[in-house]
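Have the structure open as you read.

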Amino acid sequence: MKRLLITGAAGNLGKILREGLKGYADILRLSDISDMGQAGPGEEIVTCDLSDRAAVHELTRDCDGIVHLGGISVEAAFDDLLQANLLGTYNLYEGARKNGVKRVMFASSNHTIGFYDRTTLLDETVTLRPDSLYGVTKCYGEALASYYYDKFDLETVSVRIGSCFPEPLNRRMLSTWMSPRDFVSLIQAIFDATMTGHLVMYGVSPNKSVWWNNDHAAFLGWNPQDSSEKFRAAVEAKFPAEDRQDPAVIYQGGPFAANRHFED
Ligand code: NAI
Ligand code: 15L
């Protein structure tokens, strides 16, 4: 791997990869609209708004792979999501195609399927049930990735990330948590694979209680190591027992499913 582009490099997951992928590629090209500090050894810094097509075309030049994290990462006004997540992801794929990039990791989200209830074990074949406008933009990203593979042979692994934080922040995350270490090893597995096609999978650590099945992605050889179980006692002590009637508890998407429509 000569040059790996990471969009959204100033964000939470971008910072994890900036540190965790040091030395993985000859050059990490780090991009965001926000400040990323100075380039270190083996790094290139490119400030770029994903909604600027010409700039994204230049951004994606001479890259062997792309980790596409950039965009709005929570529920937001449609007009903002339109620019960052819809137009931005389209520009990214057009740039990747025209510049001959081989493979993309698309940071999809569990909010593509957030309206399934927590007693249902999901695999990658389930019908999408987004729980937010944000979740809808991730469904669009997965569809775009599928199209660019079928039409142009541009591979993508769309990872429906659960909750990637240093530790679970609430009771729900005991099921959805993916450790930063497992996230880094997932990215390596994705770009080490001989082929992926367009693969949809879940980004989650092997927690004791999980809602998602990744058996179909075993060929990647990803071997996640961590479990939320070591945080359970502290999380349960901090947060009261859950109300079974609460939509934020019934649905996998939690508050994203329970919250009001953002535009109202
Ligand atoms: P974040 O919000 O910390 O980082 C996103 C980055 O994208 C920010 O640095 C922001 O400046 C940048 N960005 C926003 N609009 C942009 C634009 N128009 N042009 C260029 N850059 C832009 O989010 P985080 O937590 O790092 O997540 C990264 C990705 O993973 C996001 O796409 C998010 O939707 C997805 N994801 C994250 C999860 C998590 O647990 N952290 C869970 C599920 C999905
Ligand atoms: C996401 O998609 C968000 O980007 C992240 O901030 C968390 O809210 C995560 O989902 C989650 O469901 O915990």
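## Helix crossing and ligand shells

Helix α1 crosses α6 in a right-handed sense. Keep in mind that this is a predicted model. The two helices, α1 (residues 12-20) and α6 (residues 180-192), pack at an angle of about 70°, and their axes are 10 Å apart. So α1 is roughly perpendicular to α6.

On to ligand 1. It has 26 residues around it, the closest being Leu13, Asp32, Ser73, Tyr134 and Cys164. Sorted by class, that shell has twelve nonpolar, eleven polar and three charged residues. Its oxygen atoms pair up with a backbone N or O atom of asparagine 12 at 3.0 Å and with one of cysteine 164 at 2.7 Å. On its own, ligand 1 has 820 Å² of accessible area, and the protein covers 87% of that. Elements giving two or more residues to the shell are α1, β5 (103-109), α4 (133-152) and β7 (163-164), with β5 giving the most, at three residues.

Ligand 2 has a shell of four nonpolar, six polar and one charged residues. Among the residues around it are Ser73, Tyr134, Phe165, Met173 and Phe256.

| Residue | Distance to a ligand 2 oxygen atom |
|---|---|
| Asparagine 110 | 3.0 Å |
| Histidine 111 | 2.7 Å |
| Arginine 172 | 2.9 Å |

How much of ligand 2's accessible area does the protein cover? The figure is 81% of the 320 Å² that ligand 2 has on its own.

Note on methods
Residues numbered from 1 in each chain as written. Chains lettered and ligands numbered in written order. Predicted model: local features only at pLDDT ≥ 70, side-chain atom pairs only at ≥ 80, totals over all residues. Heavy atoms only, no water. Near = heavy atom within 4 Å. Polar contact = N/O pair within 3.5 Å; in protein donor to acceptor, adjacent residues only side chain to side chain. Areas by Shrake-Rupley, 256 points an atom, 1.4 Å probe, with all protein chains shown as cover. Nonpolar A, V, L, I, M, F, W, Y, C, P; charged D, E, K, R; others polar. Axes fitted to C-alpha atoms, helices over the stretch in contact; angles between N-to-C directions. Helix = DSSP H or I, 4+ residues; strand = E, 2+ residues; numbered from the N terminus. Parallel < 35°, antiparallel > 145°, perpendicular 65-115°, else oblique. Left-handed = near helix turned anticlockwise from the far one by under 90°.
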